[in-house]
Amino acid sequence: MNRQDIEKYLRMVGQELQKDGQTLEITLLGGAVMLIEVGNRESTQDVDTFFLPDFLAITKAAASVAAREGLPDG
């Protein structure tokens, strides 16, 4: 995934959460941070994240986006 892909999919996860009236924080880690913030690469194979307090809500929203966009589960 490139920067535009990551930003697009994160926005879509946010939209899914908003449908349920939720606003939560997701912390990016690893290659996604290096790509977006540091700019030392063009793409990453996955997006590592950390999110609390509502693990289930974010997991559900991400799974919905992944299914709709043909992305790997998880």
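**Salt bridges between helices**

Colleague: At 29% relative accessibility, how does Glu-69 count: buried, exposed or partly exposed?

Modeller: Partly exposed. Buried means under 20% relative accessible area, exposed over 50%, partly exposed in between (1.4 Å probe, protein chains only). This is a predicted model: local features need pLDDT of at least 70, side-chain atom pairs count only at pLDDT 80 or more, and totals for chains, interfaces and linings use all residues. Residues are numbered from 1 along each chain as its sequence is written, and side-chain values use heavy atoms, with hydrogens and water left out.

Colleague: With which residue does Glu-69 form a salt bridge?

Modeller: A salt bridge puts a side-chain nitrogen of Lys or Arg within 4 Å of a carboxyl oxygen of Asp or Glu. For Glu-69 the partner is Lys-8, with the closest N and O atoms 3.6 Å apart. Lys-8 lies in helix α1 and Glu-69 in helix α3 (residues 55–69), so the pair ties together parts 61 residues apart in sequence. Helices here are DSSP runs (H or I, at least four residues), numbered from the N terminus. Lys-8 is partly exposed, at 35%.

Colleague: How many salt bridges does the whole structure hold?

Modeller: Four. One of them joins Arg-68 to Glu-16, closest N and O atoms 3.0 Å apart. Arg-68 is in helix α3, Glu-16 in helix α1, 52 residues away. Arg-68 is partly exposed at 44%, while Glu-16 is buried at 12%. Glu-16, Lys-19 and Arg-68 form a linked network of salt bridges.

Colleague: What separates Arg-3 and Glu-7 in helix α1?

Modeller: About one helical turn, because they are four residues apart in helix α1 (residues 3–19). Arg-3 is partly exposed at 34%, and Glu-7 is partly exposed at 27%.

Key:
Helices (H or I, at least four residues) and strands (E, at least two) are DSSP runs, numbered from the N terminus.
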